[in-house]
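Colleague: I have just opened this one and would like a slow walk through it. Could you take my questions as they come?

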Amino acid sequence: MTDPFEPSQSQAVTGHDSAKEQIAQAFKSGRMHHAWLLTGPQGIGKATLAYHAAHMILSGGANSFEHFDPENQAARLVRAGSHPDFFVLQRLRDEKTDLRRAMISVEQARSLAPFLTMTSVYSFGRVALLDEVHTMNVNGQNAILKLIEEPPSHTVLFLTATTAGALLPTIRSRCRLLPLEPLSAGQVKTILTRLDPNALEGVDAEKLLRFAGGSAGRALSLLQTKALDLFEELLNILKPMPALDMARLHALADKLARKEQGAAFEALSTLFLEALSDSITSMAQERENRFGFFFACPLDRAMEAWEDVSGIFSAAKTGNLDSRLAFIHALTTLSQKMKEQA
């Protein structure tokens with residue numbers, strides 16, 4: 001059964017008008033660049049934009065960013081994951097948790113080459129979507145480098161990444177860069193209500209949109225995991241740092257451990273790192289941040305603390321470690337780091 005929240009099932013691209021115009025103009029002019037790198041925060045629609053560009057190319061222009069016919073043959077095949085001229089490389093789902101794994105493996109990256117050696121079945125060429133290429137290690141990126149440098153004719157590659165800096169310079173130099181900005185709160189709301197007219201019922205919409213930070217994917221994650229209140233409690237624990245209320249922390253960790261399949265842990269750990277990152281950025285730029293959390297230590301030490309917490313969550317996800325213990329460890333580590341510099 002298809003998931004209506006997956007980018008592959010989207011019937012419209014909200015926002016990103018400049019990027020859409022650049023891709024559409026290149027397609028109409030017949031001077032389509034062979035590789036496009038879409039960058040920006042997680043959940044803002046990079047993959048959705050790439051899917052709709054694929055719809056346009058594989059339908060020969062019958063579908064476009066302005067007009068989408070889900071009954072078009074190419075659209076039906078792409079949405080069903082069965083178009084012979086369309087290839088998707090993305091993080092696999094863990095069989096136990098149903099969450100996406102932390103990385104795209106080297107073996108997965110190597111699967112692109114056989115696709116590109118095949119002759120296209122239809123007359124509109126081939127398209128490959130390499131989603132979240134920043135999750136590949138150096139070996140994985142090297143496995144796709146040659147294919148990006150010299151792809152077969154009539155082939156277009158779309159790469160997505162949270163930041164271009166996570167990729168090899170040789171990959172970046174071969175791609176046309178399209179940086180995407182976070183969506184407005186209104187655009188996020190539009191996406192949520194289009195997917196589910198009742199999505200915001202019984203929810204503090206203002207709080208949800210503020211925490212989402214222009215990411216429809218993050219907003220969906222908070223809604224689906226019912227983690228909005230948990231994240232607000234996490235922020236309340238963070239704000240007095242380096243002081244740490246262990247009773248509140250253990251109570252939050254207990255609630256988190258009861259959530260099914262680790263989805264709440266995925267949502268909260270991502271937002272936790274976002275709150276720390278936003279605090280670091282606000283320190284560097286001397287501005288307010290939307291989470292209200294500030295490091296009580298110098299900037300360089302704050303960055304070290306972020307790296308430590310990120311490492312704890314990464315180890316928990318890749319090793320399927322206990323989410324309750326991971327959160328307790330992350331917050332106590334953060335508290336200790338800040339105390340060392342207080």
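This is a predicted model: local features need pLDDT of at least 70, side-chain atom pairs count only at pLDDT 80 or more; totals for chains, interfaces and linings use all residues.

Colleague: Noted. How many helices and strands are there?

Modeller: The secondary structure comes to 15 helices and five strands. The C-alpha atoms of the protein fill a box of roughly 65 × 45 × 40 Å along the principal axes.

Colleague: And what does the radius of gyration say about a compact globule?

Modeller: For 342 residues, a compact globule would have a radius of gyration near 20 Å, and the protein has 21 Å, which agrees. Of those 342 residues, 47% count as buried, and the protein exposes about 16300 Å², of which carbon and sulfur atoms supply 50%.

Colleague: Among contacts between residues at least 6 apart in sequence, what share joins residues at least 24 apart?

Modeller: That share is 70%.

Colleague: Let's go inside, then. Which residues have the most contacts in the largest nonpolar core?

Modeller: The largest nonpolar core has 55 residues, and those with the most contacts inside it are Leu 192, Phe 272, Phe 295, Phe 327, Leu 331 and Leu 334. The elements that give two or more residues to this core are α8, α9, α10, α11, α12, α13, α14 and α15, and α13 gives the most, with nine residues. As a general background, nonpolar side chains tend to be buried together in soluble globular proteins.

Colleague: Pick Leu 334 for me; what does it touch?

Modeller: Not counting residues up to four places away in sequence, Leu 334 touches Leu 238, Met 241, Phe 272, Leu 276, Phe 293, Phe 295, Ala 305 and Val 309. There is also a second, separate core of 26 residues, which includes Ala 19, Leu 49, Ile 57 and Leu 178.

Colleague: How many residues of α10 are buried, and what do they pack against?

Modeller: Seven of the ten residues of α10 are buried, so the helix is mostly covered, given that buried means under 20% relative accessible area. Those buried residues include Arg 218 and Thr 225 as well as Ala 216 and Leu 220, and the buried residues of α10 pack against α8, α9, α11 and α13. The helix is followed by Lys 226, whose phi is positive, near 55°.

Colleague: Which His residues have a positive phi?

Modeller: His 16 has a positive phi, near 55°, and His 154 has one of about 60°. Most residues other than glycine have a negative phi, and most peptide bonds are trans. His 16 is found in the segment before α1, whereas His 154 lies in the loop between α6 and β4.

Colleague: Are those two buried or exposed?

Modeller: His 16 is buried, with a relative accessible area of 11%, while His 154 counts as exposed at 69% relative accessibility.

Colleague: Changing topic: where is the cis peptide bond?

Modeller: The cis peptide bond joins Met 241 and Pro 242, with omega at about 15°, and Pro 242 sits in the loop between α11 and α12. Pro 240 has its place in the loop between α11 and α12 as well and is partly exposed, with a relative accessible area of 45%.

How values were computed. Residues are numbered from 1 along each chain as its sequence is written. Side-chain values use heavy atoms; hydrogens and water are left out. Helices (H or I, at least four residues) and strands (E, at least two) are DSSP runs, numbered from the N terminus. The radius of gyration is taken over C-alpha atoms; the globule rule is 2.2 Å times the number of residues to the power 0.38. Buried means under 20% relative accessible area, exposed over 50%, partly exposed in between (1.4 Å probe, protein chains only). Contact means heavy atoms within 4.5 Å. Accessible areas come from the Shrake-Rupley method with a 1.4 Å probe; for residues, only the protein chains shown count as cover. A nonpolar core is a set of buried Ala, Val, Leu, Ile, Met, Phe, Trp, Tyr and Cys residues joined through side-chain atoms within 4.5 Å.
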